[in-house]
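Me: I would like to go through the assignments in this model and ask what each label rests on.

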Amino acid sequence: MARSDKPRLVIHNQIRTLRFTNGEMTQQELARQVGVTRQTIIAIEQGKYSPSLEVAFLIAHVFEQPIDAVFQAEL
Amino acid sequence: MVRKINIESKIVDMMVMYNMFYIMSSKFVTLTRRSFMNQSFEEKSVWVQMVGVLATFLSYTWVSFRMMGEGIWTLSAYLPMFGIAVAMLIAILVVGHIVIAAMHPEEAGVRDERDRWIDWKAGSRSSFVVGTGVLGALAGLFAGWHPVWIAHILLHTLFIAELAKLGFQLFYYRRGI
């Protein structure tokens with residue numbers, strides 16, 4: 001497949017909403033539980049960084065949600 | 001009377017300009033400080049490295065080019081300069097990292113997958129600089145250039161490659177990856 005034919009995937013997430021519905025959890029607290037920096041959580045929330053599968057599953061685990069309730073992909 | 005009014009109006013103008021300058025500069029400092037405080041330790045570290053490498057690169061280039069201009073074409077004459085440049089770089093890096101670690105001690109040395117990914121991608125993007133510099137030095141060697149030129153091409157290649165890598169890192173931290 002040529003590079004220009006590669007489908008463009010846009011990933012959205014509900015982390016900000018889930019933080020607020022989980023006792024207004026801070027970015028720092030989520031970062032601590034997942035094992036990344038606060039700045040990485042900020043970058044994920046802003047859509048500036050797509051986390052690895054491991055981190056994505058860890059975030060879903062913190063909120064006790066299935067992964068597709070936290071992250072959604074749009075082609 | 002007219003002259004007195006002119007002087008007073010100039011003083012008022014100066015005070016207005018001073019106040020405008022003060023407000024703008026304090027706003028700039030506040031925004032810069034807020035932006036800097038929101039950066040991860042790794043991003044601050046990249047800024048420190050950028051300042052250190054840039055300061056070393058510019059001062060070494062300035063002095064070495066002056067030495068070449070004065071007709072110093074012995075490679076060993078540049079060794080003390082190189083030693084001072086390395087010591088200067090180490091000093092800036094050590095002091096800089098102590099300062100940024102003191103700002104947020106709990107974040108010091110913490111590096112996650114995003115930092116590693118940005119580091120790898122920036123290194124990959126800037127690797128062409130090293131290749132180009134080495135090829136340039138080899139071409140110069142075959143063309144019979146003076147060893148001082150060859151040594152400086154190689155040294156500057158390392159500096160520029162590092163600056164390119166740090167620049168790409170800052171770009172990816174700001175724009176996202």
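Reply: Start with the charged pairs: seven salt bridges are counted over all chains. The model is predicted, and the values below are computed from it.

Me: Why is the pair E45(A) and R16(A) called a salt bridge?

Reply: The closest N and O atoms of E45(A) and R16(A) are 3.6 Å apart. The rule asks for a side-chain nitrogen of Lys or Arg within 4 Å of a carboxyl oxygen of Asp or Glu, so the pair qualifies. E45(A) lies in helix 3 of chain A and R16(A) in helix 1 (residues 15–21) of chain A, so the contact ties together parts that are 29 residues apart in sequence.

Me: What makes E45(A) buried or exposed?

Reply: E45(A) has a relative accessible area of 14%. Buried means under 20%, so E45(A) is buried.

Me: How do you know which class R16(A) belongs to?

Reply: R16(A) has 48% relative accessibility.

Me: What makes R19(A) and E45(A) a salt bridge?

Reply: The closest N and O atoms of R19(A) and E45(A) are 2.6 Å apart. That is within 4 Å, so this pair also meets the rule. R19(A) is in helix 1 of chain A and E45(A) in helix 3 of chain A, 26 residues apart, and the pair links these distant parts of the chain. Both R19(A) and E45(A) are buried.

Me: Why is K165(B) with D119(B) called a salt bridge?

Reply: Between K165(B) and D119(B) the closest N and O atoms are 2.8 Å apart; the limit is within 4 Å, so the label holds. K165(B) lies in helix 5 of chain B and D119(B) in helix 4 of chain B, so parts 46 residues apart in sequence are tied together. Salt bridges that share partners join E42(B), R111(B), D119(B) and K165(B) into one network.

Me: Why is K165(B) not called buried?

Reply: K165(B) has 21% relative accessibility. Buried requires under 20%, so K165(B) counts as partly exposed.

Me: How do you know the class of S124(B), and where is S124(B) found?

Reply: S124(B) is found in helix 4 of chain B. Its relative accessible area is 37%, between the cut-offs of under 20% and over 50%, so S124(B) is partly exposed.

Me: Which residues form the nonpolar patch on the surface?

Reply: The patch consists of V130(B), V134(B), L135(B), L138(B), L141(B), F142(B) and L154(B), with about 670 Å² of accessible area together. Helix 4 (residues 113–142) of chain B gives the largest share, six residues.

Me: What lines the largest pocket?

Reply: The largest pocket has a volume of about 680 Å³ and is lined by 21 residues, with R8(A), L9(A), V10(A), S50(A) and I177(B) nearest its centre. Strand 1 (10–13) of chain A and helix 4 of chain B are the elements giving two or more residues to this lining. Strand 1 of chain A gives the most, four residues. By type, the lining divides into 10 nonpolar, five polar and six charged residues.

Me: What lines the second largest pocket?

Reply: This pocket has a volume of about 270 Å³. Its lining has 14 residues, of which I42(A), Q46(A), K48(A), N38(B) and R174(B) lie nearest the centre. Helix 3 (38–45) of chain A and helix 5 (147–175) of chain B each supply at least two lining residues; helix 3 of chain A has the largest share, four residues. The lining divides into three nonpolar, six polar and five charged residues.

Me: Which pattern does each chain follow?

Reply: Chain A reads β-α-α-α-α-α-β along the sequence, with five helices and two strands. Chain B reads α-α-α-α-α, with five helices and zero strands. Buried residues make up 39% of the 75 residues in chain A and 31% of the 177 residues in chain B.

Conventions. Residues are numbered from 1 along each chain as its sequence is written. Chains are lettered from A and ligands numbered from 1 in the order in which they are written. This is a predicted model: local features need pLDDT of at least 70, side-chain atom pairs count only at pLDDT 80 or more; totals for chains, interfaces and linings use all residues. Side-chain values use heavy atoms; hydrogens and water are left out. Patches are made of residues with over 30% relative accessible area and no salt bridge: like charges are joined within 9 Å, nonpolar side chains (Val, Leu, Ile, Met, Phe, Trp, Tyr) within 5 Å. Accessible areas come from the Shrake-Rupley method with a 1.4 Å probe; for residues, only the protein chains shown count as cover. On a 1 Å grid over the protein atoms alone, a cavity is a set of points where a 1.4 Å probe fits but cannot get out, and a pocket is an open set with protein on both sides within 12 Å along at least five of seven lines; lining residues have an atom within 4 Å of a point. Grid points are joined across faces, edges and corners, and a volume is the space filled by probe spheres set on the points. Ala, Val, Leu, Ile, Met, Phe, Trp, Tyr, Cys and Pro count as nonpolar, Asp, Glu, Lys and Arg as charged, and the others, Gly among them, as polar. Buried means under 20% relative accessible area, exposed over 50%, partly exposed in between (1.4 Å probe, protein chains only).
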